[in-house]
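Good morning, everyone. Please look at the screen while I talk.

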Amino acid sequence: MFVDTVIEDKSLHKPAFLLGLSITVLAFFFAFNFTNTIFGEFLSPVIGNPQESGFFGRLVVSFVLSIIFVLNLLLISFARLKIQIFIVWIELFFLFLAFAYSFDLELAYIFIGEPSKIWLMISKGLFTTIYISAVSIAIATAIAIVGAIAKLSNNGFAYAIASFYTSLFRGLPLLLQIYLIYMGLPQLGFMIDAIPSGIAALSLCYGAYMTEIFRAGIQSIPKGQWEASRALGFKFGLILRKIILPQSIPIIVPPTGNQFIAMLKDSSLVSVLGIWELMFMAKKIGSKDFNNLEMLLTAAMIYWALTIILEMIQARIERKYQQKA
Amino acid sequence: MNTKAKNENPVISLDGVSKWYGDFQALKDINLEINLKEKIVICGPSGSGKSTLIRCLNRLEAHQEGKIHVSGVELHETMKDVDIVRRDIGMVFQNFNLFPHLTVLENCMAGPNWVRGIDKKEAEKRAVAMLEQVKIPEQADKYPDQLSGGQQQRVAIARSLCMEPKVMLFDEPTSALDPEMVSEVLDTMVELANSGMTMICVTHEMGFARQVADRIIFMADGEIVEQNTPDEFFNNPKSDRTKTFLDQILI
């Protein structure tokens, strides 16, 4: 992306914008009554009993909130870019924590038990989730390469099979595919366990999406590369392997990374087959003691951490290919 | 030079070749014979079918009527050994079409190593020799986009030469270059011509044509309007179209 070399004044530092923003924020906080929340309690020395403070209380609370909000923005705007990003991340994270805190959770619940519940989640659930995702990603990638080549070929059978496949598996909800494979294949006489069915559904579904990504990546390489290769007497397979695919990898990596992340989270859908992965365990353990939210939140945090790791790996790979290109 | 022995078989021959893009006829009944060691320059206004013609010679384009023979092998739709024919015909493109993910040296080694079955050491030796011939051996370890246009085109020439082709096709090799880089590419081509390579060049560089061509072919609207030696072509053009073209290009 091109970042312009002329720096405009920050809008936050223009009085008119600041005033407009303040009024908007005030209106927002006033519209959603915060008097009965923790903020109202903090301000009870001023407004008295929040329940009975009425219009005055509502106005004071929203006024104080909007002052805090706008001052916060103004202060951050003076920091350097990296520090800005860091502060905003921390603030948003604390807001999220506050949101979770408002559930009135019994967080200790996660750590009690022998072995502790969080250890169960990590040792068994996380392991199964990673195992299922990793195997599915490997298979999906293989399917995608074959599918993309088939879709680009002049072979009628190959094209028909590949396009039917991508149409079907992109057209059905993943959850439905999981059920169809798990319950449908035994009808044909193939007994299939839960984990292989889950892996099959995930690989087939994501293989279909990735087929399209790989096809677009291959097609984005200029025609001249094919012509030069053909003029040197290279055959199709050689051109694809040595000339086209290496050049399309930098184009394929970012969307493929997104697919990996999406698949990791969608692996939670195979919990419907009773596979002991993160989602299933969170539901199973939590519902036993009516501590659903604690366990779901634990699973949420583990998924989030996993995707952050994947994003970091993706950024690393992208950087590597950008240097070379 | 023009009294070349007529008895040897032409390396390339076209017999009544026509080609259409949909309804548009790009080549009209082309008849042409090119002998070994001959240097041909094809010129003509844009859209006249020059590029289409030479792209038919290694079957990057398909012709619909007539016959094209290269080294005695007929080029047609169901031929089995097109790759073998192509390996003997080098081609240099307007936009270079170097492989950007390979170094200059790897670009030059790819053909011999991958399809000629020459081992890496030998292929590298040959690549270095060809890069010396086009006078950029010092760029061997760079990637194409680190080179100037003129240097890239010379690498493209070296890449083709590494396959030890019998014929070299040039499709407007200097048209995409900045003016100051044209001469370095032309010098390389002149040297190649002097070494006895069979060359077919689509180009508007009339100085080059005068210097090396045995025959100049003038095309317009998909037809060969006129072909002659450079002297005759420039000093005594026969058709009006040729005269108009020369007036426009030689100001």
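This is a predicted model: local features need pLDDT of at least 70, side-chain atom pairs count only at pLDDT 80 or more; totals for chains, interfaces and linings use all residues.

I will go through domains, surface patches, salt bridges and a few loops.

Let's start with chain A. Its domains are two: domain 1 covers 11–102, and domain 2 covers 117–324. How far apart are the centres of domain 1 and domain 2 of chain A? Taken over C-alpha atoms, the separation is 42 Å.

Now the surface of chain A. There is a nonpolar patch here. Its members are Leu81(A), Ile85(A), Phe86(A), Trp89(A), Ile90(A), Phe93(A), Phe94(A), Leu97(A) and Trp304(A). Together they have about 940 Å² of accessible area. Which helix gives the most to the nonpolar patch? That is helix H5 of chain A, residues 81–101, with 8 residues. Take Phe94(A) as an example. Phe94(A) sits in helix H5 of chain A. Its relative accessibility is 51%, so Phe94(A) counts as exposed. The cut-off for exposed is over 50%.

Chain B has a patch of another kind. This one is negative, and Asp15(B), Asp29(B), Glu33(B), Glu65(B) and Glu223(B) form it. Find Glu33(B) on your screen. Glu33(B) belongs to strand S2 of chain B, residues 24–34.

On to salt bridges. How many does a search of the whole structure find? Over all chains, the search finds 18.

Glu227(A) and Lys223(A) form a salt bridge through their side chains, at 3.9 Å from N to O. Both residues lie in helix H11 of chain A, which runs over residues 223–231. They are 4 residues apart, about one turn of the helix. Glu227(A) has a relative accessible area of 14%, so Glu227(A) is buried. Lys223(A) has 59% relative accessibility, so Lys223(A) counts as exposed.

Next, chain B. Glu38(B) and Arg215(B) make a salt bridge, with their closest N and O atoms 3.0 Å apart. This pair links distant parts of the chain, 177 residues apart. Glu38(B) is in the loop between S2 and strand S3 (39–43) of chain B. Arg215(B) is in strand S9 of chain B, residues 215–220. Why does Glu38(B) count as buried? Because its relative accessibility is 8%. Arg215(B) is buried as well, with a relative accessible area of 16%. The cut-off for buried is under 20%.

The last pair is also in chain B. Asp83(B) and Arg86(B) form a salt bridge, and their closest N and O atoms are 4.0 Å apart. Helix H2 of chain B, residues 82–87, holds both of them. They are 3 residues apart, about one turn of the helix. Asp83(B) and Arg86(B) are both buried. There is also a network to point out. Lys223(A), Glu227(A), Lys19(B), Arg55(B) and Glu61(B) are joined into one network by salt bridges that share partners.

Now for backbone angles. Most residues other than glycine have a negative phi. Asn97(B) has a positive phi, near 55°. You will find Asn97(B) in the loop between strand S6 (89–92) and helix H3 (104–115) of chain B. With 12% relative accessibility, Asn97(B) counts as buried. Glu164(B) has a positive phi too, near 50°. Its loop runs between helix H5 (149–161) and strand S7 (167–171) of chain B.

Ala140(B) lies in the loop between helix H4 (120–133) and H5 of chain B. Ala140(B) counts as buried, because its relative accessibility is 11%.

Where is the place of Gly274(A)? Gly274(A) is in the loop between helix H12 (236–266) and helix H13 (278–288) of chain A. Gly274(A) counts as partly exposed, because its relative accessibility is 31%.

Terms used: Residues are numbered from 1 along each chain as its sequence is written. Chains are lettered from A and ligands numbered from 1 in the order in which they are written. Side-chain values use heavy atoms; hydrogens and water are left out. Domain bounds come from an automatic or database domain assignment. Patches are made of residues with over 30% relative accessible area and no salt bridge: like charges are joined within 9 Å, nonpolar side chains (Val, Leu, Ile, Met, Phe, Trp, Tyr) within 5 Å. Accessible areas come from the Shrake-Rupley method with a 1.4 Å probe; for residues, only the protein chains shown count as cover. Lys and Arg count as positive and Asp and Glu as negative; His and the chain ends are not counted. The place of a charge is taken as NZ of Lys, CZ of Arg, CG of Asp or CD of Glu. Helices (H or I, at least four residues) and strands (E, at least two) are DSSP runs, numbered from the N terminus. Buried means under 20% relative accessible area, exposed over 50%, partly exposed in between (1.4 Å probe, protein chains only).
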